[in-house]
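Subject: Structure handover and notes

Hello,

Please find the structure below, handed over for your own work. My notes on the contents follow it.

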Amino acid sequence: MPRVESKDDFPELPLERYEFSRGDYKRMEEAQARTAQQCMRSFGFDDVPLHPGRRMAGSGGNRTVLAISTVSPYGMLDLAHVRRWGYGFDPDRTTSWREEEFPEGRPLEPREFEVMHGRLGGGAVEVKGRKVPKGGCGGQALRRIMGDPVKTARVRGYVGRRTRVLDEDVAKDARVRRAFRDWSRCVEDKGFKRYESPAHAFRDKAWREGVDGGNTSRTKKELGTAVADVECNRKLNTAGVWWVVSDEKQRADLRRHASRYAAVRADQDRVRAAADEVLGEE
């Protein structure tokens, strides 16, 4: 059993090999952007930025940021973070990796937006008698890289759905239930509320009462609970137990649904090849 005291200690699980990496998503995003930009230029919009703003010009003020914190089923492991932020997040670090990698250019003018994304409510869009692809240039770019909607749903959703199902199964396993009971007693022994699992501690509504934007209030009780939570998780290797059971159940699921996972892998290869083609690589 691995000794898991930080996120870096958590070994890869079998189903992770059937998901796109961050590098994959970066290449897919870039390929879609280039394809959409080429399409826009073909309709005479030559100065559309590669990564335009997501809002249409004149559609409103600054974007409201709502950050939602989530937690893994086995809980949190970053002691430095919970000492400062409890079960919440650092508000100065709410920028997504996509926003970091692809800074937004200028917002699209209404006509550009319509050609890029299609007409709100549906209906054909034409430019000088030439019909714009369904869903606009952005929709065409998505289909070029991801393929038809059925394959897109499979490559993007199947592994995530199976992971959620298996996580529920893992949580019912006697080994994990015992590990969570030990963790719960440890937190209680430190003077805090008894929770069913680390995820339940994270989702305690008391931490977010009266706080806007998805963050927590970081009360003394919240910070103390979060620190006790992580310390007990590390001490008892709660995350390590979760990993062992997850690894076992994911391997069994791969054997049980081998053909479906093979289809996901084939779809991934197809998407990577489509992105490589656009980006000029074989």
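I start with a single residue. Ser197 sits in the loop that joins H7 and H8. This is a predicted model, and every value in these notes is computed from it. The relative accessibility of Ser197 is 5%, so the residue counts as buried, the cut-off for that being under 20%. Setting aside residues up to four places away in sequence, Ser197 touches Phe180 and Trp183. As a distance reference, Glu126 is 71 residues from Ser197 in sequence, and their C-alpha atoms are 56 Å apart.

Trp183 leads on to the main core. Beyond its neighbours within four places in sequence, Trp183 is in contact with Tyr195, Glu196, Ser197, Pro198, Ala201, Asp229, Cys232, Asn233, Leu236 and Thr238. Trp183 is also, with Met76, Val82 and Tyr87, among the residues with the most contacts inside the largest nonpolar core, which has 16 residues. Four helices each supply at least two residues of this core: H2 (79-85), H7 (174-189), H8 (198-202) and H9 (220-236). H9 gives the largest share, 5 residues. Another core lies apart from this one; it has 15 residues, including Ala36, Val115, Val125 and Cys137.

Next, the packing of H7 on H9. The axes of these two helices are 9 Å apart, and the packing angle is about 135 degrees. H7 and H9 are therefore oblique to each other. The crossing in which H7 passes H9 is right-handed. On the H7 side the contact is made by Asp182, Trp183, Cys186 and Val187, and on the H9 side by Ala228, Asp229, Cys232, Asn233 and Leu236. Sorted by class, the residues of this contact are 6 nonpolar, 1 polar and 2 charged.

Val115, Met116 and His117 of H4 meet Gly136, Cys137, Gly138 and Gly139 of H5. This contact has 3 nonpolar and 4 polar residues, and no charged ones.

What in H4 is buried? Glu112, Phe113, Glu114, Val115 and Met116 are. Just after H4 comes Gly118, which takes a positive phi of about 90 degrees.

Last, a residue of H1. Gln32 is found in this helix, which covers residues 22-42. Is Gln32 buried or exposed? Its relative accessible area is 18%, so Gln32 is buried. Leaving out neighbours within four places in sequence, Gln32 is in contact with Ala141, Leu142, Ile145, Met146 and Arg156.

To recap for your files: Ser197 is buried and touches Trp183, and Trp183 takes part in the contact of H7 with H9. Val115 belongs to the core of 15 residues and is buried in H4.

Regards

Conventions. Residues are numbered from 1 along each chain as its sequence is written. This is a predicted model: local features need pLDDT of at least 70, side-chain atom pairs count only at pLDDT 80 or more; totals for chains, interfaces and linings use all residues. Side-chain values use heavy atoms; hydrogens and water are left out. A nonpolar core is a set of buried Ala, Val, Leu, Ile, Met, Phe, Trp, Tyr and Cys residues joined through side-chain atoms within 4.5 Å. Buried means under 20% relative accessible area, exposed over 50%, partly exposed in between (1.4 Å probe, protein chains only). Contact means heavy atoms within 4.5 Å. Axes are lines fitted to C-alpha atoms, for helices over the stretch in contact, and angles run from 0 to 180 degrees between N-to-C directions. Angles under 35 degrees count as roughly parallel, over 145 as roughly antiparallel, 65 to 115 as roughly perpendicular and the rest as oblique. A crossing is left-handed if the near helix is turned anticlockwise from the far one by less than a right angle, and right-handed if clockwise. Ala, Val, Leu, Ile, Met, Phe, Trp, Tyr, Cys and Pro count as nonpolar, Asp, Glu, Lys and Arg as charged, and the others, Gly among them, as polar.
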